[in-house]
Amino acid sequence: MNEQAGKLLAFALLPMIGSGALASDGDGGAQAEVSGYIAAGVDHYGAFHDEDGEESTTRGVLRNAKLQVELAWGDAWEAEIDGGYEIEGDNKDAELGDAYVQYNGPDRLAVRLGQFKEPFGMERLTSYSSLSTGERSMATSAFAPGRSLGVMVGQYRKSSTWALGLFSDERKPEDGSAVTARVSRAPVRSEDQVLHLGAAASWRQHREEEFQIKDEAEVFSADNVVRSPRFEARESRLAGVEAGWQFHRLTVTAEVMAQEVRRKGGEWWRFTGGYVQAGLLLTDDQRPYERGEFKRIKPTSNGGALELVARYSAVDLRDRSIGAEASVTTVGLNYYLGKDIQVRLNYLMPEIRGNRLSPDPGGNAATLRLVYRF
């Protein structure tokens, strides 16, 4: 499969949206639901996040303007198409997001074909509009794969899930082909408490293309200042474990990831990362959980909900004395007005060791996001 396959799938489904007439083997006809969100705000950061060492940078950003169409017909078939548009400074980017068809079989067994997120990482699989920070953690951004073209089979129950998929993304030759799997279970799941455990793994072929991990350290409009060594790679093995605990108004999540990459010459290089995050709601609300994910907060009061957030994220992209080790400590305050409006304010304190781009990697950062769902 390639990028053209994803586009063809999207164009094949668009007439179905317009006509509202999809084939159905049941009594009901097709159903279509249009939704999306707009996330915009401001990034302010110091020399750490700028490869030229600028002491102070402030940028307005359109983090994402996303439009999503969900389709369902009959008792077993559904599909989704979405696309997003981003602006960070002078850079503008529009791209196709999910574009897939899914068959829902008995006992919550599902088969999905098209372009979608690979089943890896609790935070990666969480929608941006459901996050409690301005960006995903540095560890998730550096290691967890995103959307690819592929086919996946899985089972999604309220307290347990598993998924296995075969993927290929020829838009990014360095990513090559992949086999990715994830399992999760909530051995404790009640109205007031949830304990979540999960694990994921991925084998990835890199076709001897150039490999390098580059990350902007949790500031969307910043430069990719945290980097691994760069070399031609043959294959890699990626593994992750995850845990989450929700008790009344408190939610704690953590993930650890490791990647071993085999160079063209045959030697293996190893990189690791992880994060721990806590969110405490100051109002009488709690974050819901279902099917391996913590969902977005829906305030019970007309006055909305307030949440304090803290996170520590770190990556070790240094091997054989090449590359960087970095960490980011984040504190934040979130305000949720109804189920559709969020305001996220984050203050980030980064550190870096080893190889670095900026001549004086100091200074902290602050980000503000306004998210509106429709």
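Reply: A residue is called buried under 20% relative accessible area, exposed over 50%, and partly exposed in between (1.4 Å probe, protein chains only). This is a predicted model, in which local features need pLDDT of at least 70 and side-chain atom pairs count only at pLDDT 80 or more, while totals for chains, interfaces and linings use all residues. Residues are numbered from 1 along each chain as its sequence is written, and side-chain values use heavy atoms, leaving out hydrogens and water.

Me: Is Glu86 buried or exposed?
Reply: Glu86 is buried, because its relative accessible area is 18%.

Me: And which side chain does Glu86 meet in a salt bridge?
Reply: Its partner is Arg63, at 3.5 Å from N to O; a salt bridge requires a side-chain nitrogen of Lys or Arg within 4 Å of a carboxyl oxygen of Asp or Glu. Arg63 also counts as buried, since its relative accessibility is 11%.

Me: Where do Arg311 and Glu123 lie?
Reply: Arg311 is in strand 17 (residues 305–316) and Glu123 in helix 2 (residues 122–125), so the pair ties together parts 188 residues apart in sequence. Their side chains form a salt bridge of 3.2 Å, N to O. Helices (H or I, at least four residues) and strands (E, at least two) are DSSP runs, numbered from the N terminus.

Me: How many salt bridges are there in the whole structure?
Reply: A search finds 23.

Me: New topic: which residues touch the most other members of the largest nonpolar core?
Reply: They are Phe143, Val226, Phe271 and Val315, in a core of 31 residues. Such a core joins buried Ala, Val, Leu, Ile, Met, Phe, Trp, Tyr and Cys residues through side-chain atoms within 4.5 Å.
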